[in-house]
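Subject: Structure handover

Dear colleague,

Here is the structure for your files, together with its sequence.

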Amino acid sequence: MKVPFVDLKSQYFSIKNEIDNAISTVLENASFILGKAVADFEQEFARVHEVKYCYGLSSGTDGNHLVLWALGTGQGDEVIIPVNTFIATAWGATLCGAKPVFVDCDDKSYNIDPNKVEEKISTRTKAIVAVHLYGQPADMDPLNEIAKRHNIFLVEDCAQAHLAEYKGKKVGGLSIASSFSFYPGKNLGAYGEGGAVATNDTDLAMKFKMMRDHGTNTKYYHDVEGHNYRMEGIQGAVLGVKMRYIEKWTESRRSHASSYNKYLRGIDGILTPDEMTYAKHVYHLYVIRAKNRDKLQKHLENKGIATGLHYPVPLHLQKVFNKLGYKKGDFPVAEKFADEMLSLPMYPELAEEQIQYVCDSIKEFYG
């Protein structure tokens with residue numbers, strides 16, 4: 001049996017007519033940049049995430065940058081970032097000229113450990129970035145308390161966490177501002193690059209709207225610094241169609257995670273992910289911790305099962321950040337995870353028999 005890591009083709013064919021019609025409308029109207037399809041998507045995405053404002057962008061990485069940039073982050077500032085995340089989180093700081101300051105992760109949630117944040121705050125700290133990693137919200141209440149106590153910003157990187165909830169509230173509106181990614185493999189994926197920023201702050205929303213479009217509200221009149229971070233019309237159309245299904249797809253992911261938990265229970269050598277009591281996990285990734293991880297991955301590959309590594313090199317050990325002076329051993333939890341984490345196939349269209357085959361293959365490996 002073949003089990004792909006993701007299966008974007010199956011999802012497309014399940015909604016093909018709606019997608020094709022939506023794209024055709026954009027082509028017929030020649031509304032290639034922003035336009036009605038994007039505006040309609042922004043409105044619906046904001047409604048579902050319980051925020052006042054959402055603006056579509058060219059990528060999630062651009063969203064990471066725009067949030068910090070609009071908050072005034074610049075040269076000489078520091079931004080606190082979890083060391084266990086994709087590097088695009090850190091680009092939000094570096095593109096502003098700021099220094100990323102890394103914090104180790106919690107052993108259970110895999111997210112930033114609030115107990116290790118305050119010791120990293122300095123007089124130059126501008127913001128804390130809470131990443132909702134793999135689809136599970138970070139513990140936002142203590143992070144908000146720390147941010148308020150030190151008069152710094154707390155922002156969210158929701159790239160992997162569409163529709164996730166913290167204590168019954170959707171991510172995206174749990175801080176001053178948030179960014180989302182719509183990379184094709186995400187829970188809500190475009191057919192190319194795409195992203196968004198969201199906020200409940202009216203003044204900040206106006207800055208987002210202007211800065212994504214060269215700092216203008218009126219063509220050729222530029223009031224603030226900006227960039228070309230606009231969403232394409234076709235991506236807005238695709239995402240608008242997919243918004244009709246995202247809740248159903250999310251519940252499918254959660255159901256698949258329950259099946260994995262059931263079939264993997266009791267296997268010596270495996271730790272399944274914990275869903276924290278405060279969280280509704282949306283399982284962008286289903287990540288286990290595995291003894292002899294690399295050999296297990298090879299075994300699964302030989303059985304026709306595709307897997308992923310998220311993330312094999314923590315940010316502090318990336319060559320690009322050598323200048324920051326970190327060394328191996330500085331963040332022991334993240335370093336341990338880098339050797340143990342293995343992402344199993346996870347997508348809404350995954351069949352129960354495929355999940356069982358993956359789990360049986362894991363049981364076979366551990367004897």
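Predicted model: local features only at pLDDT ≥ 70, side-chain atom pairs only at ≥ 80, totals over all residues.

Residues are numbered from 1 along each chain as its sequence is written, and side-chain values use heavy atoms, with hydrogens and water left out. Helices (H or I, at least four residues) and strands (E, at least two) are DSSP runs, numbered from the N terminus.

The sheet

Seven strands form an open sheet in the order β1-β9-β8-β5-β4-β2-β3, with mixed pairing; two strands pair if DSSP finds at least two bridges between them. β1 and β3 (99-103) stand at the edges with a single partner strand each, so one side of each has no neighbour in the sheet. On average, neighbouring strands of this sheet are turned by 25 degrees against each other, direction ignored. Axes here are lines fitted to C-alpha atoms, for helices over the stretch in contact, and angles run from 0 to 180 degrees between N-to-C directions.

Strand β1 (residues 53-57) has four of its five residues buried, so it is largely enclosed by the rest of the structure. Buried means under 20% relative accessible area, exposed over 50%, and partly exposed in between (1.4 Å probe, protein chains only). β1 runs antiparallel to β9 (residues 195-199), and five bridges join the two. Cys 54 stands opposite Ala 198 in β9.

β4 (residues 125-131) and β5 (residues 153-157) run parallel, also joined by five bridges. In this pair, Val 131 stands opposite Asp 157 of β5. Helix α6 (residues 140-150) lies across β4 and β5, at about 145 degrees to β5.

Thr 89

Thr 89 lies in helix α5 (residues 88-94) and is buried, with a relative accessible area of 3%. Leaving out residues up to four places away in sequence, Thr 89 touches Asn 64, Ile 81, Val 129, Val 131 and Asp 157; contact means heavy atoms within 4.5 Å. The side chains of Thr 89 and Asp 157 make a polar contact (2.8 Å). A polar contact is a pair of N or O atoms within 3.5 Å; within protein, one must be able to donate a hydrogen and the other to accept it, and residues adjacent in sequence count only if both atoms are side-chain atoms.

Cysteines

The structure holds zero disulfides, a disulfide being a pair of cysteine sulfur atoms within 2.5 Å. The cysteine sulfur closest to that of Cys 54 is in Cys 158, 11 Å away and too far for a bond. Cys 54 is buried at 6% relative accessibility, and Cys 158 is buried at 0%.

Helix α10

In helix α10 (residues 293-302), the buried residues are Arg 293, Leu 296, His 299 and Leu 300. Seen down the axis of α10, they fall within an arc of 120 degrees, so they line one face of the helix; the arc is that of the directions from the helix axis to the C-beta atoms. The face turned away from this buried side carries the exposed residues Lys 295 and Asn 302. The buried residues of α10 pack against β12 (270-271), β14 (286-290), α11 (332-340), β15 (341-344) and α12 (352-366). Gly 304 follows α10 and has a positive phi, near 85 degrees.

Regards
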